[in-house]
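Here is a short briefing to read alongside the model. Have the viewer open and follow the topics in turn.

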Amino acid sequence: MTEPFSYETWSTLLAEIVTPDGKVDYARLTARREALEAFVRALGAMSPDSHPGAFPTADDRLAYWLNAYNAFTLHAIISEYPIPSVWKTRDGQFFQRRRHCAGGRAVSLDDIEHEILRRQFAEPRIHFAINCGSNGCPPMRPRAYEGGGLRSTLSSAAEQFLGSEWNCRVDHAARRIFISRIFKMYAADFAGEHGSSHDYRSGVLRFVAQHTGIALDTIADYEVVYNTYDWGLNDAGREPHLGPILFHEPVEHFADGDRQLRELHLYEGNFCNRTCSWCTINGSPKGWYAPYSPAVLDQALATVAADGNIKFFGGEPTLHAQVIIDAMTYLRGRAFRGLFTIFSNGVKAEQLIRMLDSDPRSEAVLNYSIYHGRDAEPLPAQARARLERWATAHPNRIFQGYKILFHAGAGTAQTFERDREADFHGLGSGCVRCFPVLTSRGRFHACPFATEIDAPHYDLGRVGSDPDAVFRNYRRFRGWVDAVLDPAARARGISSCEMCHRHLGALPVPEYEPQPPVAGSGAPSPAR
């Protein structure tokens, strides 16, 4: 009979390195590294796949993989320590690289989390047991997970996590619930076998109610706000530091069960007060601009969910701040209750703040390169200081975009530094599959990075189109990306962005529903 797998070494080590608040003492772990190495070797020699007799129950198998994930995470961190974040490793492949073995099989952290834990066990509470080494993660448990009583242990972990105001705070007066972004990143795990954004939201609220004691009826219609995720290392020797302007994370994601767009970009043209060498839309002071007509705004209202996300971009929206303010006021007056996002370079700081002050459900995202002065003329010091002061007084209203640059527009043929490439951050080279665009000229375009490409491949409709037909065409575009665009880009060894900007003519046009011209729409001609 095979002996059960032993976690004695692992439990002893955890008791020595995990602090009372669930952080890790990496200095002490460095001194006890041989104990970690010994446990990693034990995991490499035996797993539920290689020695099933040592893991007789499903809970035994689940406990193994929870412990393996956490141990491999610490092992990967300590090999590069000191680092400020798991996103600051040498190759950027912290989650993707298969650097460890489990029962003789090479695995990555992504393999364990997505292919094994999430796919094989369908247990949402794993997200409160595995720890990727970040402050936003649940506290590290000071002892190993064991098969006996595991489900009760996971329930306790979920309750402990939700017991922190940083992870779950209910504002009954505002009818809002602020919860960890973990619930957004893994919404499908909490929603069960459902497929729409509404189902995911309901599933998340149901889970929160079950593990906090709050009656579901009380919060069922509350607005859900997902907190910013702190990717700083969970280092007991380092105080968490969240600057006033954090990285932006999308609020909405496409769900197969949706019947309406959850997000829509509104594009006013590429007229800009900067000319950046990597700009995907070739923005410059020589670019074009057209204001939003009532017909365009009415079409946006008909096409995006009333509680969704409308994103203003260009160009530079602050150059026409009053036009954006008037557009937001118009949309609010016609029952749009979702989030407004304004993409800006931040140079005209006072105008951006005026736009944000005009609507409490608005946010701004600053360009990373300009904010940090990397590969671009930096944001003027006075503008940066003004925006940071306002952001300090108004948390979670101004963000910065990510550092990734895409091979699109002006950046199509450029060579970027390694850490600015999408695949360095585990995003691969395929299409990002953003939500579509409605231009101020009245045209629905499938891709915000390719908005300046006038081609039938992206033509989802125009002002006057049936919103349901626009949505169906967007689905067809996503199917075309999967079946045509991404494979063609891989065959050439280039990114899908570069494929669109260099070789689009070699690809067949998606089979969209026809969009007959609509007379008297009140919108300017969509032709460029």
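Let's begin at helix α17, where α16 (467–492) is part of what covers the buried residues; contact here means heavy atoms within 4.5 Å. Helices (H or I, at least four residues) and strands (E, at least two) are DSSP runs, numbered from the N terminus. This is a predicted model, in which local features need pLDDT of at least 70 and side-chain atom pairs count only at pLDDT 80 or more, while totals for chains, interfaces and linings use all residues. Residues are numbered from 1 along each chain as its sequence is written, and side-chain values use heavy atoms, with hydrogens and water left out.

**Helix α17 and the cavity**

- Helix α17 spans residues 496–503, and its buried residues are Ser496, Cys497, Glu498, Met499 and Cys500; buried means under 20% relative accessible area, exposed over 50%, and partly exposed in between (1.4 Å probe, protein chains only).
- Searching the whole structure turns up two cavities of 30 Å³ or more. A cavity is a set of points, on a 1 Å grid over the protein atoms alone, where a 1.4 Å probe fits but cannot get out, and lining residues have an atom within 4 Å of a point.
- The largest cavity has a volume of about 120 Å³, a volume being the space filled by probe spheres set on the points, with grid points joined across faces, edges and corners.
- Its lining has 14 residues, and Cys431, Val432, Cys447, Phe449 and Cys497 lie nearest the centre of the largest cavity.

**Nonpolar cores**

- The largest nonpolar core has 83 residues, and those with the most contacts inside it are Leu266, Phe312, Leu387 and Tyr458. Such a core is a set of buried Ala, Val, Leu, Ile, Met, Phe, Trp, Tyr and Cys residues joined through side-chain atoms within 4.5 Å.
- Helix α16 supplies the largest share of this core, nine residues.

**The nine-stranded sheet**

- Nine strands form an open sheet with mixed pairing, in the order β6-β11-β10-β9-β8-β7-β12-β13-β14; two strands pair if DSSP finds at least two bridges between them.
- Its edge strands, β6 (246–247) and β14 (459–462), each pair on one side only.
- Strands β8 (residues 304–313) and β9 (residues 339–344) run parallel and are joined by four bridges. Phe312 has Ile342 of β9 as its bridge partner.
- Helix α12 (residues 321–332) lies across β8, β9 and β10 (362–366), at about 175 degrees to β8. Axes are lines fitted to C-alpha atoms, for helices over the stretch in contact, and angles run from 0 to 180 degrees between N-to-C directions.
- Helix α13 (residues 349–357) also packs on the sheet, touching β9, β10 and β11 (398–400), and its direction makes about 155 degrees with that of β10.

**The three-stranded sheet**

- Another open sheet has three strands in the order β3-β4-β5, with mixed pairing, and its edge strands are β3 (168–171) and β5 (223–226).
- β3 and β4 (residues 176–179) pair in the antiparallel sense over four bridges, with Ile177 in β4 as the bridge partner of Val170.

**Gly464**

- Gly464 sits in the loop between β14 and α16 and is partly exposed, with a relative accessible area of 40%.

How values were computed
1 Å grid on protein atoms, 1.4 Å probe; cavity = no way out; pocket = protein on both sides within 12 Å on 5 of 7 lines; lining within 4 Å.
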